[in-house]
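Open the model in your viewer and keep the selection panel at hand.

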Amino acid sequence: MSSVALAEELLLLAYDNESGKAIGSRIGLDLGMAAAILVELALAGRIAYSDGTIIVTDAKPTGEPIADDVLVRIAADTPHTPASWVQRLRHGLRARVLADLCTRGVICDVDETAMDGYVHLHRYPTIDASVEREVRERLSKALTGEEVPAERTAALATLVSAVRMEPTLGLSGAEVQEAHKQLEKIAGGAGFSGSVGLEESTIRPSVALVIAALARAIHQALGAPRPAAS
């Protein structure tokens, strides 16, 4: 598996480098990160989407602690839908990913707890910006059409679109809508949205099925987007 997990990439995009605070929908990010863990397992050949549920196809550990914990949970449980799993996995996930990134020196935990501990406030400003820079460069190339996105980048682009995180890419106004269209185009070309058949997909069909199901689950959980302010 990659040294930087998809859930970590989503989280870094969602947090402001200087203030260390999350931008956008907190529940959207949590759902997206839960889906990202499942995508990692699909990319590693550990899970698949079958008969409307997520199933384990290979219980061998991946070496990534968070993903492996999820793999054990799925293997030990009865089959559940992607929508059920993203809800089950999102609770407590962000804190664990933040702690891992702090341990690795990518971000730091600034504790601003106040009122004798009654108000718990933490910020997570960036220490090592190179990790997030690489993520943004990959997405930028995908958005501009400079290259056909690899599996991981196409998956990340799909999650960014599903979670509606386009504003975290440093865009505003019409640029946000244009980026959303391009991200959806990437998802379509990868076979995640049904606009092309799996045989034409740039992604392995087994992976594409998982990501498509997870994207639908996130859309259903978040509901229809609010109309843009006129």
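**Whole chain first**

Start with everything selected. Among contacts between residues at least 6 apart in sequence, 61% join residues at least 24 apart. Keep in mind that this is a predicted model.

Color by secondary structure. The chain has nine helices and four strands. Read from the N terminus, the order is α-α-β-β-α-α-α-β-β-α-α-α-α.

Of the 230 residues in the chain, 45% are buried.

**Into the core**

Hide the surface. Select Leu10, Leu38 and Ile47. Within the largest nonpolar core, which has 62 residues, these three touch the most other members. Now select helix H2, residues 26-43. Helix H2 gives the most to this core, with 12 residues.

Center on Ile47. Which residues does isoleucine 47 touch, leaving out those up to four places away in sequence? Show Leu38, Leu41, Ala42, Ile54, Ile55, Val56, Thr57, Leu71, Ile74 and Val210.

**Two loops with positive phi**

Move to aspartate 51. Find it in the loop between strand S1 (47-50) and strand S2 (53-56). Phi of aspartate 51 is near 55°, a positive value in a residue other than glycine. Aspartate 51 is exposed, at 78% relative accessible area.

Finish at arginine 164. The loop here runs between helix H7 (151-163) and helix H8 (174-189). Arginine 164 is not a glycine either, yet has a positive phi of about 65°. Is arginine 164 exposed or partly exposed? Partly exposed, with a relative accessible area of 27%.

Technical notes: Residues are numbered from 1 along each chain as its sequence is written. This is a predicted model: local features need pLDDT of at least 70, side-chain atom pairs count only at pLDDT 80 or more; totals for chains, interfaces and linings use all residues. Side-chain values use heavy atoms; hydrogens and water are left out. A nonpolar core is a set of buried Ala, Val, Leu, Ile, Met, Phe, Trp, Tyr and Cys residues joined through side-chain atoms within 4.5 Å. Buried means under 20% relative accessible area, exposed over 50%, partly exposed in between (1.4 Å probe, protein chains only). Contact means heavy atoms within 4.5 Å.
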